[in-house]
Amino acid sequence: MSTVLDTTWPFMKMHGLGNDFVVLDARAREFVMDAPLAQALADRHRGVGFDQLAVIAPVDGLDAELIFYNADGSLSAACGNATRCIARYLMDETGKTALRLKTGARVLEARDAGQGLTSVNMGPPETRWDGVPLAQDVDTLHLPIEGDPVATGMGNPHCTFFVEDPEAIDLEARGPEIEHHPLFPERTNVQFASVISENTLRMRVWERGTGVTLASGSSSCATAVAAHRRGLTGSEVKIHLDGGVIHIRVAEDGVWMTGPTMHVFSGTLTAPFLDSLR
């Protein structure tokens, strides 16, 4: 079980378009996270509840390192909305308007976009089969899966279906089925999207290791990339998610996402709670 080197531990609850996070700042105090503790914190009845958990850690030469956990305790190399939330927190803390943040996948650039919005460059998309990654060499633009989805790597794997009506999809049934498809050796995030116009999409998401979420930053980026590769949209799109609207721009230097964030509250994990997990 986790090693907690203090009797209590402060945390923050944040969300980006309803995609919610527990954030632990470990830059100044040592704290060891593991899968069982992440699972306990994810419990919305006996813990705090989150879609993903993020640990802010110190790193030489950059503003911070971000380590992400899914609700099932598994690690994730990328979490776009959590990155935006933490970037806003660090900008407010330091007064900076631009940051460089290390994630498990890559070093990301974050910027203050004005009007309370935060932008993060999630880096270039992976469109080769072994970059997503997939289990075998297939055309990532037309996967051999019923529904003709697109595969994209955004530091984590994604499988995007274009459908007439995302509301008609049973995410609770289809999500886990595709997440665990043998073509995805690391499992996958799953999106169902429809094209509203050349620059507007509607999308719903099942997140690997978590389930149905109101929004997902990396999924939004992957969906925008997939739509652009298919010739369905231009390089800039507005995506309507269950939790709100995010803007995605597919650029030469990477995929930029811009949207609002919210620091909802700060709290403290108590000694009795932490002791109960030992």
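Me: How many disulfides does a search of the whole structure find?

Reply: A disulfide is a pair of cysteine sulfur atoms within 2.5 Å. In this predicted model, a search of the whole structure finds zero disulfides. Cys85, for instance, is in no disulfide, and the nearest cysteine sulfur, that of Cys79, is 8.4 Å away. Cys159 is likewise in no disulfide; for this residue the nearest cysteine sulfur belongs to Cys221, 17 Å away.

Me: Is Cys85 buried or exposed, and is Cys159 buried or exposed?

Reply: Buried means under 20% relative accessible area, and exposed means over 50%. Cys85 has a relative accessible area of 3%, so Cys85 is buried. Cys159 has a value of 0%, so Cys159 is buried as well.

Me: Which residues other than glycine have a positive phi?

Reply: The general idea comes first. Most residues other than glycine have a negative phi, and most peptide bonds are trans. Here, Gln115 is one case to examine, with a positive phi of about 55° although this residue is not a glycine. Gln115 is placed in the loop between strand S7 (107-114) and S8, and its relative accessible area is 82%, so Gln115 is exposed. Asp148 also has a positive phi, near 55°. Asp148 is in the loop between S8 and S9, and with a relative accessible area of 32% Asp148 is partly exposed.

Me: Where is the peptide bond that is cis?

Reply: The bond from Val132 to Pro133 is cis, with omega near 0°. Pro133 is found in the loop between strand S8 (117-121) and S9.

Me: What surrounds the charged residue Asp20?

Reply: Asp20 lies in strand S2 (residues 19-25). Its relative accessible area is 9%, so Asp20 is buried. Beyond residues up to four places away in sequence, Asp20 touches Lys13, Met14, His15, Arg44, Gly49, Phe50, Asp51 and Gln52. The side chains of Asp20 and Lys13 are joined by a polar contact of 3.2 Å. Sequence separation and distance in space may also be read together: Asp20 and His263 are 243 residues apart in sequence and 9.9 Å apart in space, C-alpha to C-alpha.

Me: Which side chain of opposite charge is nearest to Glu207?

Reply: That side chain is Arg208, 8.0 Å away. A salt bridge needs a side-chain nitrogen of Lys or Arg within 4 Å of a carboxyl oxygen of Asp or Glu. Glu207 is buried yet has no salt bridge. The residue is placed in strand S12 (residues 200-207). Leaving out residues up to four places away in sequence, Glu207 touches Asn19, Gln52, Glu179, Asn189, Thr213, Ala215 and Ser216.

Definitions and conventions: Residues numbered from 1 in each chain as written. Predicted model: local features only at pLDDT ≥ 70, side-chain atom pairs only at ≥ 80, totals over all residues. Heavy atoms only, no water. Helix = DSSP H or I, 4+ residues; strand = E, 2+ residues; numbered from the N terminus. Buried < 20%, exposed > 50% of the residue type's maximum accessible area, 1.4 Å probe, protein only. Lys, Arg positive; Asp, Glu negative; His and termini not counted. Contact = heavy atoms within 4.5 Å. Polar contact = N/O pair within 3.5 Å; in protein donor to acceptor, adjacent residues only side chain to side chain.
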